[in-house]
Amino acid sequence: DAATVPSTGEVVLVASTNGGIAQTWIWDPTDWTWTAGGTFGGGTETIGVLAIPGTERIIATGGNFSDVYYSDDTGATWAQYSTDPKGRSAPGTGASDKPRLAYASGDISLMLKSGTANQYHQFVSSDLGMTFDLVATHSNLGTYVSAVEVGGKIMIGDRQYGDGFPVVRAL
């Protein structure tokens, strides 16, 4: 996944290596170059990344959503932000949960694929990603949901499970 830092236009791309370590690459729009950044975590396949508006902070979580990491230097270094951010009351999801992060109206929404083929759990954080609460489960979605902010609302989109038609929802 990737995020753009609004103040600089830099793109922070984070992807999993073969060993499950999250590796960062930073794209500089002034000279169109990529630079290797820091690493974090372990044992994750997919990663969700978000640049928090109004700050230079980047947060990221892996597919198992057991930890949240942050970077205040555009991904050059990372530190653990939170352990067990979804708490003990959240449903189990699976090993590759395809996390998607989006920010709107002061809250961070996190979409995680559930153990059911066509469902995603929606978690919301009001403390900039330190903790998340389960707020909804959305059905009839495909495998790779995208989440973006549009006009102060979180919009999710994907191919509908079963027939493959596009589906877009405001949360």
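A residue is called buried here when its relative accessible area is under 20%, and exposed when that area is over 50%. The model is predicted, and a search of the whole structure finds 4 aromatic pairs.

**Trp27 and Trp32**
- The ring centres of Trp27 and Trp32 lie 5.2 Å apart with their planes at 85 degrees, so this pair is edge-to-face.
- Trp27 has a relative accessibility of 16% and therefore counts as buried, whereas Trp32, at 66% relative accessibility, counts as exposed.

- The rings of Phe40 and Tyr69 have centres 4.6 Å apart and planes at 35 degrees, so the pair is tilted.
- Because Phe40 belongs to strand S4 (residues 33-40) and Tyr69 to strand S7 (residues 67-71), their pair ties together parts that are 29 residues apart in sequence.
- Phe40 is buried at a relative accessible area of 7%, and Tyr69 is buried as well, at 14%.
- Through ring pairs, Phe40, Tyr69 and Trp78 are linked into a cluster.

**A charge over a ring**
- Arg57 lies over the face of Tyr70, at 4.0 Å from the ring centre.

- S9 and strand S10 (residues 107-113) run antiparallel and are joined by 5 bridges; Tyr103 has Ile108 in S10 as its bridge partner.

Conventions: Residues numbered from 1 in each chain as written. Predicted model: local features only at pLDDT ≥ 70, side-chain atom pairs only at ≥ 80, totals over all residues. Heavy atoms only, no water. Pairing = 2+ DSSP bridges. Helix = DSSP H or I, 4+ residues; strand = E, 2+ residues; numbered from the N terminus. Phe/Tyr/Trp six-rings, centres within 6.5 Å; stacked < 30°, edge-to-face > 60°. Buried < 20%, exposed > 50% of the residue type's maximum accessible area, 1.4 Å probe, protein only. Lys NZ or Arg CZ within 6 Å of the ring centre and 35° of its normal.
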